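Here are a few friendly notes to read alongside the structure. Please keep the 3D view open as you go through the points.

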Amino acid sequence: MIKDKFADAVTTKPLGPPPPHAEAADEADIGAIKDILGFHIRLAHGACLRHFTETFTDLDLTQKQVSVLWLVDDHPGIAQTDLAQRLRMDRATTMAIINRLQAKHFLRRDRSDKDGRKQALFLDPAGKAMLARAKTAIGEHEAWVKSRFNDKEVRLLIELLSRIHE
């Protein structure tokens, strides 16, 4: 399991007794950072990442690898450059992920019919089977995340978070 280093800093008790004039503070009180939006986004991301990692342990896939498999399945023949752009990843990261997935025989590169300078990506049968398993795990993970919200809140949360990353 991934350890959240910052959470330790927040939850660790101070050394020694509190000064005599200090009021007894609630152990969960994190002070002024409780009002920092980025702090809560980071904690939410950490919680989601930990749950994703636990859910995907048996599949040996990262979030980015699943995203690549899914996008290639949705767009057979997609060029590496287009895939990188859609997933907002740099070319080096994209190539490394594709290399790993190709080594696992989940996808293959072919010369693009549309542009011979580009490589087109396609899922191999093992990749399609792994993606099916990954989609089941994603369903479990999404159910866990969404269980904290009603349908209207989920749509609003997606809209609000999209404003940050788009």
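In which helix do Glu159 and Arg163 both lie, and how many residues apart?

1. Glu159 and Arg163 both belong to helix 7, 4 residues apart, which is about one turn of the helix. Their side chains meet in a salt bridge with an N to O distance of 3.1 Å. A salt bridge here is a side-chain nitrogen of Lys or Arg within 4 Å of a carboxyl oxygen of Asp or Glu. Helices (H or I, at least four residues) and strands (E, at least two) are DSSP runs, numbered from the N terminus.

2. A word on the source: this is a predicted model, where local features need pLDDT of at least 70 and side-chain atom pairs count only at pLDDT 80 or more, while totals for chains, interfaces and linings use all residues. Residues are numbered from 1 along each chain as its sequence is written, and side-chain values use heavy atoms, with hydrogens and water left out.

3. How open are these two side chains? Arg163 is exposed, at 59% relative accessible area, whereas Glu159 is partly exposed, at 42%. Buried means under 20% relative accessible area, exposed over 50%, and partly exposed in between (1.4 Å probe, protein chains only).

4. The count of salt bridges comes to 8. One of them joins Lys104 and Asp60, at 3.5 Å from N to O. Lys104 lies in the loop between helix 5 (91-103) and strand 2 (107-111), and Asp60 in the loop between helix 2 and helix 3 (63-74), so this pair ties together parts that are 44 residues apart in sequence. Asp60 is exposed, at 54%, and Lys104 is partly exposed, at 30%.

5. Do look at Asp73, Lys128 and Lys135 too, which are linked in a network of salt bridges. Asp110 forms a salt bridge with Arg108, their closest N and O atoms being 3.2 Å apart.

6. Now for the rings. The structure holds 1 aromatic pair: Phe52 and Phe56 are stacked, 4.0 Å centre to centre with 15° between the planes. Rings of Phe, Tyr and Trp (its six-membered ring) pair if their centres lie within 6.5 Å; planes under 30 degrees apart count as stacked, over 60 as edge-to-face and the rest as tilted. Both Phe52 and Phe56 are buried.

7. Finally, Arg148 has its charged end over the ring of Trp144, 4.2 Å from the ring's centre. For this, NZ of Lys or CZ of Arg must be within 6 Å of the ring centre and within 35 degrees of the ring normal.
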